[in-house]
Amino acid sequence: MMNRGVQKMISLLMVVCMTLGICAGAMAQTADFEALVPLMDLVASASWHSPNAPESVPGAEDELSLSFIDAFFSVGQSFGAEIGITGDMMTNTSAQAELLGKVFSARVPELQSITPAETEGYIGFQPVLVNSGADGKSVQIIGEIYQAEKPMRQMTEADYPTINWIERAVFTFQNDASALNGFRLTGYSVGTDLSIEEAMQGYFEEIAVEYESKLGFTLLYPSVFTDEMLVEDDNGVSAQLEDGSASFFAKRIENRNGASLADYVSIVANGITGCVSNVYEDMQYGTVAYNTEDGYAVFEVYIVSSNYIYQAHLSYLTSLVGEYGMYNAYLENSFVVNELSQG
């Protein structure tokens with residue numbers, strides 16, 4: 001069965017393509033859109049395994065780097081069969097050039113034999129947002145890079161806790177009948193690249209909302225929770241989807257017993273079967289993650305001061321980890337308490 005996130009991306013691409021008027025011939029086939037997923041995974045992985053990591057991929061005005069090409073075919077030995085990478089391509093420069101010419105718009109340099117490099121785990125890309133290009137002929141796919149034991153499209157719910165969300169990235173494709181699966185890759189950049197700062201800002205505004213509480217904390221939460229869903233009280237804020245598939249809250253309670261961060265996280269974790277907890281003393285926070293018996297994945301962040309205990313909580317059906325799992329990292333990295341950050 002196709003991963004729900006992949007299904008969502010394909011649906012979005014179909015809408016964009018119809019808007020652009022490019023859903024004709026092979027490009028109208030679902031298989032073509034589905035084939036973009038392993039390609040994006042491989043490009044993201046090659047970028048991350050390059051000696052110049054994370055390495056961007058240029059457009060037609062520039063040339064692919066040998067460092068990226070080496071990583072592309074090295075990683076492809078393990079994970080590139082779906083896009084046509086074979087073992088002989090490591091030494092067959094003609095075969096290298098032919099495939100690269102079908103995938104990328106960037107120029108191909110003089111190629112050479114490649115010595116395979118060892119890679120650990122699987123680096124992939126989870127599509128989140130699809131935009132039509134300003135030129136009216138391309139699509140921009142923005143999403144999250146992850147590391148795991150295998151591709152998300154092959155995972156079961158039991159595999160989802162192994163996902164490590166790394167960074168954001170942007171792909172740009174243009175329709176081209178001569179390209180692999182009808183789309184040519186005209187650019188790839190990671191979230192740290194200043195050239196995509198505007199795209200990243202729009203992405204953040206689309207998927208997440210910043211909340212600043214009168215109780216002295218701020219955080220980012222998924223934008224699927226609209227303003228109408230927010231409930232504020234003396235302890236904090238909460239929201240829940242109407243169908244009960246996901247919810248979040250952030251609250252502050254008094255630290256009546258003078259608990260330390262490590263002690264409090266330990267108490268919480270010890271009371272939950274199968275819980276995974278971490279304490280980051282230097283960053284002044286801890287995390288707790290677990291699955292409930294009724295099928296929800298829960299991720300919590302704790303910050304403890306001498307006066308208060310702050311908690312941010314995100315919960316969603318385990319079947320929706322492909323859509324909500326990345327927000328664990330957003331919650332962890334954005335939850336800030338004023339009394340500690342100003343100290």
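Predicted model: local features only at pLDDT ≥ 70, side-chain atom pairs only at ≥ 80, totals over all residues.
Visitor: Where is Asn181 found, and what is its phi?

Guide: Asn181 belongs to the loop between E3 and E4. Its phi is near 60 degrees, which is a positive value in a residue other than glycine. Gln284 also has a positive phi, about 65 degrees, although it is not a glycine. You will find Gln284 in the loop between E10 and E11, where its relative accessibility of 38% makes it partly exposed.

Visitor: Back to E3 and E4, then. How do E3 and E4 pair?

Guide: The sense is antiparallel, and the pairing runs over 7 bridges. To follow it on the screen, look for Phe173, which stands opposite Leu185 in E4. E4 itself is mostly covered, with 7 of its 8 residues buried.

Visitor: And how should I read a pair of aromatic rings?

Guide: In general, a pair of aromatic rings is described by the distance of the centres and the angle of the planes. The structure holds 22 aromatic pairs. One of them is Phe79 with Tyr122, at 4.7 Å centre to centre and 90 degrees between the planes, so planes over 60 degrees apart make this pair edge-to-face.

Visitor: Why does the pair of Phe79 and Tyr122 tie together parts that are apart in sequence?

Guide: Phe79 lies in helix H3 (residues 66-79), while Tyr122 lies in strand E1 (residues 122-132), so the pair links parts that are 43 residues apart in sequence.

Visitor: Which kind of pair do the rings of Phe173 and Phe183 form?

Guide: Their centres are 6.4 Å apart and their planes are at 80 degrees, so this pair is edge-to-face. Phe173 lies in strand E3 (residues 164-175) and Phe183 in strand E4 (residues 183-190), so here the parts tied together are 10 residues apart in sequence. Phe173 is buried, with a relative accessible area of 0%, and Phe183 is buried at 1%. Both rings belong to one aromatic cluster, formed by Phe125, Phe171, Phe173, Phe183 and Tyr188.

Visitor: What sits over the ring of Tyr308?

Guide: That is the charged end of Arg252, placed 3.8 Å from the centre of the Tyr308 ring.

Visitor: Let us turn to sheets. What is the order of the strands in the open sheet of 7 strands?

Guide: The general idea first: in a regular strand the side chains alternate between the two faces of the sheet. Here the order is E7-E8-E9-E13-E12-E11-E10, with antiparallel pairing. Strand E7 (231-232) and E10 are at the edges, each with a single partner strand, so one side of each has no neighbour in the sheet. E7 pairs with strand E8 (residues 236-240) over 2 bridges, and Glu232 stands opposite Val237 in E8.

Visitor: Which order do the 3 strands of the other open sheet have?

Guide: They run E5-E6-E14, and the pairing is antiparallel. Strand E5 (208-212) and strand E14 (336-337) take the edges, each with a single partner strand, so each has one side left without a neighbour in the sheet. E14 pairs with strand E6 (residues 217-222) over 2 bridges, with Thr218 opposite Val336 in E14.

Visitor: Now the largest pocket. How much space lies in it, and which residues are the closest to its centre?

Guide: The space is about 750 Å³. Of the 33 lining residues, the closest to the centre are Pro161, Ile163, Ala289, Phe299 and Asn328. E3, strand E10 (276-280), strand E11 (285-291), strand E12 (296-304) and H8 each give two or more residues to the lining. By class, that lining has 18 nonpolar, 10 polar and 5 charged residues.

Visitor: Why is helix H8 largely enclosed?

Guide: In helix H8 (residues 327-334), 7 of the 8 residues are buried, so the rest of the structure largely encloses this helix. Among those buried residues are Asn328, Tyr330 and Glu332.

Terms used. Residues numbered from 1 in each chain as written. Heavy atoms only, no water. Phe/Tyr/Trp six-rings, centres within 6.5 Å; stacked < 30°, edge-to-face > 60°. Helix = DSSP H or I, 4+ residues; strand = E, 2+ residues; numbered from the N terminus. Buried < 20%, exposed > 50% of the residue type's maximum accessible area, 1.4 Å probe, protein only. Lys NZ or Arg CZ within 6 Å of the ring centre and 35° of its normal. 1 Å grid on protein atoms, 1.4 Å probe; cavity = no way out; pocket = protein on both sides within 12 Å on 5 of 7 lines; lining within 4 Å. Points joined across faces, edges and corners; volume = space filled by probe spheres on them. Nonpolar A, V, L, I, M, F, W, Y, C, P; charged D, E, K, R; others polar. Pairing = 2+ DSSP bridges.
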